[in-house]
Every structure is written in C-alpha cells, then in structure tokens.
Amino acid sequence: MTPYEEIIRLIRGHKISIQTHNFPDPDAIGSAVGLQYFLKQFGIDSILLYDGKIDKISTKKMVDYFNIEIFPVHVVENLSDSDYVITVDGQKNNSNFTDIIGDEVACIDHHPFVTDYEYRFVDHRPVGACSSIITDYYLKSGVIPSEDVATALLYGIKNDTSNFQRGVTGLDIEAFQFLHKYANYQKLRSIENSTVELSDLRAYGAAFENTVVYDRVGFAHINFDCPDALIAMVSDFILSLDAVDVSIIYADRNGGYKFSVRSEVDNVNAGKMINKALNGIGFGGGHPTMAGGLIPNEFVLKLGDNHDFSIRKTFMDAISWAMSLGE
C-alpha cells in the first residue's frame with residue numbers, strides 16, 4: 001500500500017485539520033494546500049490551520065494569488081478533540097508547533113525526525129522540500145493538480161531548496177518536472193520578485209552593523225524581534241559572503257534569542273551543531289545545511305554578562321565538535 005493510500009484509509013470519515021508550523025513558509029503552505037486539494041479528489045474535506053503569523057510579503061502574496069484559505073487557529077470555531085490533525089512540514093512537540101485541539105494522527109515531513117510522539121501514520125523522507133513528498137502523491141495516484149496548486153507546490157520546492165541549490169534529491173527534481181507542466185510561471189515570477197519588504201531593511205542593517213567573522217563562521221545579532229522568515233533570509237545573505245561558510249544569525253525574542261543557521265561545510269551538520277550548541281540553554285535542530293533554534297528567556301542568565309561573547313564561543317565549540325565527527 002502506498003503512503004497516500006494509507007493516509008486516506010486512516011482519515012476517511014473523520015473531520016480533518018491540516019496544521020503547518022506556527023510561522024508557515026512557502027513550503028509549509030504549498031504542502032498544506034497540495035494535500036488539501038489531493039484529499040478533496042477522494043471526497044475528503046479539510047481545513048488548513050496554523051498558530052502564529054504569515055509575516056512575509058512573498059508568503060502573503062502566495063496565499064492571495066493561489067486563493068488559499070488558511071486560518072489562524074484562534075479564529076476557527078467548532079474544533080473538537082475528536083478531529084483528526086495532520087501535521088505537515090513539521091512535527092508535534094517541536095517548539096514551532098502549537099498543540100491545537102484535535103488528535104494528531106498523521107505527520108508528513110522532511111525535517112530530521114526528533115519527536116517521540118507516536119503518530120498512527122508517518123511519511124518522513126529526508127528530501128529538499130515537504131512539497132515534494134506531497135507531489136509524489138500526485139505522481140503515484142495519477143491525480144492532476146490544479147494550476148494554482150501546482151504553482152504553490154513548485155514555489156514551495158524552489159523556496160526550501162534555495163532554487164535547487166540546497167538539499168536537493170531525486171524526488172525534488174522529479175516533482176519539479178511533473179509540476180512544471182501545470183504551473184503558472186507568470187504568478188511564480190511575480191511572487192519570486194517580491195521577497196523583501198521595505199521594513200525588512202532594518203533587520204539587514206542591524207545584521208550588517210553587528211556581523212563578525214571567525215574562521216569563516218559569520219555571526220550577526222539583530223538586536224530586536226523580527227519574523228522567523230526574515231532571520232532566515234538574513235542568514236542566507238550572510239552565508240553568501242565570500243568569507244563565510246557557516247552563518248549564525250540570532251535576533252532578540254521575548255527576552256531570549258531566536259537562531260537561524262546555515263552551513264556550506266560538509267562536516268558541519270547545521271542541525272546537529274545547533275542542537276549541541278544550545279543543549280542545556282535552549283532548543284535547536286534541522287537539516288545538515290539549514291537549522292533553527294531558540295534560547296528562551298528563562299535560560300538567558302546562563303549566558304553570563306556578555307551574551308554575544310557567550311553565544312559565539314558556544315557555537316564555535318559546537319562547530320569544532322561537529323568537525324571532529326568527520327561527517
């Protein structure tokens with residue numbers, strides 16, 4: 001039995017919610033709407049939910065252009081504990097996944113599997129984008145996506161693989177080839193050309209002023225709160241500097257710090273490295289090339305008097321540890 005047949009058998013006859021992580025990016029939204037449309041072809045209705053904020057202009061445009069109905073969980077009535085919840089592009093108990101009303105029965109994700117929650121169905125594949133996993137359901141079933149769904153899935157794949165330059169697998173390429181036939185490239189170009197808002201320049205400016213580089217590791221502190229997606233964009237930008245192979249960006253967040261890490265070094269696994277760095281003072285994880293993390297307010301005292309110095313030392317030690325593994 002294929003994965004799509006398993007999940008259909010599991011959820012048929014139940015009220016379904018599809019949940020993304022709290023600050024959904026294009027891959028999360030593409031995965032969610034792609035799964036929703038796919039299930040609809042088998043007579044299964046669902047609602048798309050998140051708890052947080054859609055905070056980037058490109059992602060807002062994606063929702064508008066593709067007529068995606070995705071709702072903050074707090075505005076939705078009549079949710080019940082008996083509802084079946086499918087998590088996409090993330091896992092229950094992760095710091096960026098609120099525990100919403102309902103029974104989390106299924107998980108579709110491409111991030112390293114870190115939760116010990118026992119789903120009844122898991123489709124976990126270490127591919128470049130979760131949207132590629134959803135596209136595989138179309139490939140295996142013969143279902144044809146609508147133009148908007150195909151474009152949303154394609155944008156999700158392009159975004160999470162940094163235009164096929166990061167973490168790409170054979171399935172990502174196969175998914176692109178399939179979606180290419182059905183996508184609207186005029187809409188895709190319009191969204192891709194609208195990735196930075198004027199207000200974002202403040203975060204870039206703060207990063208420029210506070211960037212330091214040690215042994216090709218670039219650190220930047222954004223000394224105010226800003227959206228997760230923007231921190232990730234700044235991390236990508238710092239990584240593009242010719243003197244940087246690993247970027248570590250952190251922004252103030254509710255008295256603590258939110259992190260985005262990127263690595264172009266084969267033996268510095270970003271996910272394992274940030275998990276090591278934040279062990280005991282926070283939480284972190286992700287892919288070999290990209291990861292995120294958080295030091296909550298209650299652990300900040302452990303950083304001592306000079307937070308920037310402590311953070312840089314902690315991460316440099318973790319990078320040395322990661323390199324010693326020989327991966």
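Let's start with Lys-92, which counts as buried because its relative accessibility is 11%, and buried means under 20%. This is a predicted model, so keep that in mind as you look around.

**Charged pairs**

- Side chains of opposite charge can pair when their charged atoms come close.
- The count of salt bridges in this model comes to 16.
- Lys-92 takes part in one of them, meeting the side chain of Glu-104 with 3.4 Å from N to O. The two residues are 12 apart and link distant parts of the chain, with Glu-104 in strand β5 (residues 103–109) and Lys-92 in the loop between β4 (84–88) and β5.
- Is Glu-104 buried or exposed? Glu-104 is buried, since its relative accessible area is 5%.
- Asp-103 pairs with Arg-120, and their closest N and O atoms are 2.7 Å apart.
- Asp-103 is partly exposed at 23% relative accessible area, whereas Arg-120 counts as exposed at 51%.
- Asp-228 and Lys-258 form a salt bridge too, with an N to O distance of 3.8 Å. Asp-228 belongs to helix α9 and Lys-258 to strand β10 (residues 256–263), so this pair ties together parts 30 residues apart in sequence.
- Both Asp-228 and Lys-258 are buried.
- Salt bridges with shared partners also join Asp-123, Arg-125, Asp-136 and Lys-140 into one network.

**Helices side by side**

- Helix α2 (residues 26–40) and helix α3 (residues 57–65) have axes that come within 10 Å and cross at roughly 20 degrees.
- How are α2 and α3 oriented to each other? Angles under 35 degrees count as roughly parallel, and α2 and α3 are therefore roughly parallel. Their crossing is right-handed.
- Helix α8 packs against helix α9 (residues 228–239) at an angle of about 45 degrees, and their axes are 10 Å apart. That angle makes α8 oblique to α9.
- The crossing of α8 and α9 is right-handed.

**A nonpolar patch on the surface**

- Which residues form a nonpolar patch on the surface? They are Phe-208, Phe-237 and Leu-241, and together they have about 260 Å² of accessible area.
- Phe-208 is part of helix α8 (residues 201–209).
- With 47% relative accessibility, Phe-208 counts as partly exposed.

**Two positive phi angles in loops**

- Asp-215 is not a glycine, yet its phi is positive, at about 50 degrees. You can find Asp-215 in the loop between β7 (212–214) and β8 (217–222).
- Why does Asp-215 count as exposed? Its relative accessibility is 70%, and exposed means over 50%.
- Asn-254 is not a glycine either, and it has a positive phi of about 55 degrees. Look for Asn-254 in the loop between β9 (246–253) and β10.
- Asn-254 counts as exposed, with a relative accessibility of 66%.

Key. Residues are numbered from 1 along each chain as its sequence is written. This is a predicted model: local features need pLDDT of at least 70, side-chain atom pairs count only at pLDDT 80 or more; totals for chains, interfaces and linings use all residues. Side-chain values use heavy atoms; hydrogens and water are left out. Patches are made of residues with over 30% relative accessible area and no salt bridge: like charges are joined within 9 Å, nonpolar side chains (Val, Leu, Ile, Met, Phe, Trp, Tyr) within 5 Å. Accessible areas come from the Shrake-Rupley method with a 1.4 Å probe; for residues, only the protein chains shown count as cover. A salt bridge is a side-chain nitrogen of Lys or Arg within 4 Å of a carboxyl oxygen of Asp or Glu. Helices (H or I, at least four residues) and strands (E, at least two) are DSSP runs, numbered from the N terminus. Buried means under 20% relative accessible area, exposed over 50%, partly exposed in between (1.4 Å probe, protein chains only). Axes are lines fitted to C-alpha atoms, for helices over the stretch in contact, and angles run from 0 to 180 degrees between N-to-C directions. Angles under 35 degrees count as roughly parallel, over 145 as roughly antiparallel, 65 to 115 as roughly perpendicular and the rest as oblique. A crossing is left-handed if the near helix is turned anticlockwise from the far one by less than a right angle, and right-handed if clockwise.
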